[in-house]
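Thanks for coming, everyone. Please look at the screen while I talk.

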Amino acid sequence: MQINQERGLCGLLLLSFGFFVDIGICNAVQPELRITTIKQEPYTISKGTQLEGFCMDLLSELAKKVGFKYRVQLVKDGAYGRQDDNGNWNGMIGEVMRGEADLAIAPLTLTAAREKVVGMTKPFMQTGISILLRKDISEETGFFDFLTPFTAETWVGILIAYLGTAACIFVVARLSPCEWSQPQSEHNRFSLLHSLWYTAGALTLQGAGPHPKALSGRVICCSWWLFTVILLACYFSNLGSSKSSESTHLMVKGFEDLANQDIIKYGCLSGSSTLAFFKNSNNPLYRRIYEHMERSKSFVSSMDEGVRRAKEGNFAFIGESVSLDLAVARHCELVRAHEVIGMRGYSIAAALGSPIIKNLSVSILQLNEAGELTYLQSKWWASSCIADKAKSSAVQPHSLKGMFLVLALGLGLGTLLAVLELTSKSRRSAAEQKKSCCTVLAGELNLRLRTSNANRTQENVDKDKEKA
């Protein structure tokens, strides 16, 4: 009897040992979680045979924190999840409900209807509803739009060219003996103010006399006239083209502007939470928008179709603000309206009562507090646009560099001719007076460039004439 008891005790110990070993093996080998997702840039995109994107990076970080293995599969019907008239769900939500997937990670909007049938984590991204437009539809006409044909750098270059030309005319009119033969008795017609006025008159094609008599002054004036003709031709050409395109522009800053016009068509993604927001809203404005979309059947079947129609113009695409920001970063001619309504979040879906929901929510909050979510968003939403690229119609400085070069050569040649004219006269005077050419040239320069002495000399001549 004692032997039988000992045998029974040993058997019980062996069974217990085998049971605990079996449990250990089961715990050590964790099953792979089946993850369903949908292709949408930049959340999930294909790169060869692999998937990458914001959601894939987020999934990798969550797997490290929670401690699970996973296998990603694309949703079979290519839908996010919508309930039909019979109460059945399609898309990723339907796959999670039917047990075909353990988790659904995508830009899934957290809604009350989805929360009833699946478990949803804390949002990993906040978004809202906004409007995607082409820039020429949303930009407001400013008071200084007449300056848009040229860039700021070009206007600065034109101002420098104007001042430089006026200064050259002023200096050449003093240096050239053909223009000012007797500095002691003659009054110089080209004062600094008159040089500025003469140059401005030529810029407006009006002209302002008197005109230079010397060859050097005429060379400078011809260079400035040529510069002016080309400049005005470029300006009016670009101004005319921009105004003709702006004649069909419409100002749309928000949903109220969109609803109060009938020129621009607008629509949203068919079967999306954005459509449900307008459909279920009690706001009269939002109801009008929904009724208009329903009446005109302006829904789009995909995000790419909405972006394409917005790029073509005469269409405003209503969608998630985060997705619209991505379209703006990729397509420089598009812009998102500042108004954002219906704030909501993107969450990960799992089966109702799944214990992993709590762990995923805690991990998402930790990633958000550590700045990892912000980093991932800046990584995948990086803009490929250059600043003001959409305003490329403005004439850039480099496109007018030839015109500025011709003007600079003309100013330099005119100044050189004036110096040569003065040098030639100084050599003749030096031969007559039997003095050094350098001495006579220095005296001429001193007399012509010292304005105060020249003015006093002119005043003395005028007084002598009055006494006589």
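Start with Asp102 and Arg34, whose side chains meet in a salt bridge at 3.3 Å, N to O. A salt bridge here is a side-chain nitrogen of Lys or Arg within 4 Å of a carboxyl oxygen of Asp or Glu. This pair links distant parts of the chain. Asp102 sits in the loop between helix 3 (91–97) and strand 5 (103–109), Arg34 sits in strand 1 (residues 33–37), and the two are 68 residues apart. Helices (H or I, at least four residues) and strands (E, at least two) are DSSP runs, numbered from the N terminus.

Buried or exposed, or in between: where does Asp102 fall? Asp102 is partly exposed, with a relative accessible area of 26%. Arg34 also has 26% and counts as partly exposed. The cut-offs are these: buried is under 20% relative accessible area, exposed is over 50%, and partly exposed is in between, with a 1.4 Å probe and protein chains only.

A word on the source. This is a predicted model, in which local features need pLDDT of at least 70, side-chain atom pairs count only at pLDDT 80 or more, and totals for chains, interfaces and linings use all residues. Residues are numbered from 1 along each chain as its sequence is written, and side-chain values use heavy atoms, with hydrogens and water left out.

Next pair. Glu100 forms a salt bridge with Lys76, and their closest N and O atoms are 3.9 Å apart. Glu100 lies in the loop between helix 3 and strand 5, and Lys76 in the loop between strand 4 (70–74) and helix 3, so the pair ties together parts 24 residues apart in sequence. Glu100 is partly exposed at 29%. Lys76 is exposed at 66%.

Third pair. Asp325 and Arg336 form a salt bridge, with the closest N and O atoms 2.5 Å apart. Asp325 is in helix 13 (residues 321–330), Arg336 is in strand 10 (residues 334–336), and they are 11 residues apart. Asp325 is partly exposed at 29%. Arg336 is partly exposed at 23%. There is also a network: salt bridges that share partners join Lys76, Glu95, Arg98 and Glu100. How many salt bridges does a search of the whole structure find? It finds 12.

Now strand 9, residues 315–320. This strand is mostly covered: six of its six residues are buried. Strand 7 (residues 125–134) pairs with strand 9 in the antiparallel sense, over four bridges. Two strands pair if DSSP finds at least two bridges between them. Ile131 has Ile318 of strand 9 as its bridge partner. Strand 8 (residues 265–268) pairs with strand 9 in the parallel sense, again over four bridges. There, Gly267 is partnered by Phe317 of strand 9.

Step back to the whole protein. It has 18 helices and 11 strands. Of its 468 residues, 40% are buried.

Last, confidence. pLDDT is the predictor's confidence in each residue, from 0 to 100. The protein averages 80, and 82% of the residues score at least 70. Where is confidence lowest, and where is it highest? The lowest is helix 1 (residues 2–28), at a mean of 45, and the highest is helix 14 (residues 356–369), at 93. Over residues 461–468 the pLDDT is below 50, and beyond near neighbours in sequence this stretch has two contacts in the model. A contact means heavy atoms within 4.5 Å. Where pLDDT is low, the predicted coordinates should not be read in detail.
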